[in-house]
Amino acid sequence: STEPMLTAALLLMLAQAPPADPFAPVQRLVGEWTGTPEGQPGKGTATRQYRFALHGKYLEVRNKSVYPPQEKNPKGETHEDWGMISYDKRRQRLVLRQFHGEGFVNQYVAEPPSSDGSLRFVSESIENIPPGFRARETYVFHGSGAFEEVFELAEPGKEFEVYSRTRFTRAH
């Protein structure tokens, strides 16, 4: 009989069905944020916006960090990146794609949410950088009005090191 095969196929489809809200882990990011980054480029200010786009299929991210001239960074710098978070049904994971003003394109995949509610994205590819570099972004939430983003880089064959840490508070 084909009934057991149909039941097995149906169970497999249900097991792979997306969660009711695949964006639940990032839902709390929606809105506008201001931040204070610290790290290898020095100390600065940041603005960030998260908003759903294209009929709610993607979460768009716009980020700008400004580091004024300082001892650690005598010329100062302005960093901008745009990103999109999507849900990959096959892997059942959120995927973050970032496009940086410096020309880098990072693609990250989310790890399962941790028990403390933090969220971590680990790079699976980075364009326009020597092979073997890896990146990681971790979001640690402090209630609904604040979070900390820890951005880490790893050179080929080395462990991750913190590049910058930004504390964000909700602006709107």
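The order from the N terminus on is α-β-β-β-β-β-β-β-β-β-β-β. This is a predicted model, in which local features need pLDDT of at least 70 and side-chain atom pairs count only at pLDDT 80 or more, while totals for chains, interfaces and linings use all residues. Residues are numbered from 1 along each chain as its sequence is written, and side-chain values use heavy atoms, with hydrogens and water left out.

Colour by burial next. Buried residues (under 20% relative accessible area; exposed is over 50%, partly exposed in between; 1.4 Å probe, protein chains only) make up 37% of the 172 residues. Then turn to contacts, meaning heavy atoms within 4.5 Å. Of those between residues at least 6 apart in sequence, 37% join residues at least 24 apart.

**The core**

Select V26, Y50, I85, L94, F121, Y139 and F147. Of the 23 residues in the largest nonpolar core, these touch the most other members. Such a core is a set of buried Ala, Val, Leu, Ile, Met, Phe, Trp, Tyr and Cys residues joined through side-chain atoms within 4.5 Å. At least two residues of this core come from each of β3, β4, β5, β6, β7 (105-110), β8 (119-127), β9 and β10. In soluble globular proteins, nonpolar side chains tend to be buried together.

Centre on L94. Leaving aside neighbours within four places in sequence, the contacts of L94 include P22, F23, P25, V26, I85, Y108 and F121.

**The aromatic residues**

Show the rings of Phe, Tyr and Trp (the six-membered ring of Trp). Rings pair if their centres lie within 6.5 Å; planes under 30 degrees apart count as stacked, over 60 as edge-to-face and the rest as tilted. By this rule the count is 8 aromatic pairs. Select W33 and F147: the ring centres are 4.8 Å apart and the planes at 80°, so this pair is edge-to-face. W33 is in strand β1 (residues 31-39) and F147 in strand β10, 114 residues apart. W33 is buried at 2% relative accessible area, and F147 is buried at 1%.

Now extend the selection to W33, Y50, F121, Y139, F141, F147 and F168, which form one aromatic cluster.

**The largest pocket**

Select H79, H100, E102, F151 and Y163. Of the 30 residues that line the largest pocket, these lie nearest its centre. On a 1 Å grid over the protein atoms alone, a pocket is an open set of points with protein on both sides within 12 Å along at least five of seven lines, and lining residues have an atom within 4 Å of a point. The volume is about 530 Å³, the space filled by probe spheres set on the points, which are joined across faces, edges and corners.

Strands that each supply at least two lining residues are β3 (45-53), β4 (58-67), β5 (77-88), β6 (93-100), β9 (134-141), β10 (146-154) and β11 (161-170). The lining divides into 16 nonpolar, 8 polar and 6 charged residues; Ala, Val, Leu, Ile, Met, Phe, Trp, Tyr, Cys and Pro count as nonpolar, Asp, Glu, Lys and Arg as charged, and the others, Gly among them, as polar.

**Two loops**

Finish at Q92, in the loop between β5 and β6. Q92 has a positive phi of about 55° although it is not a glycine, and is partly exposed at 30% relative accessible area. N128 lies in the loop between β8 and β9, with a positive phi near 65°, and is exposed at 58%.

Note on methods
On a 1 Å grid over the protein atoms alone, a cavity is a set of points where a 1.4 Å probe fits but cannot get out, and a pocket is an open set with protein on both sides within 12 Å along at least five of seven lines; lining residues have an atom within 4 Å of a point. Helices (H or I, at least four residues) and strands (E, at least two) are DSSP runs, numbered from the N terminus.
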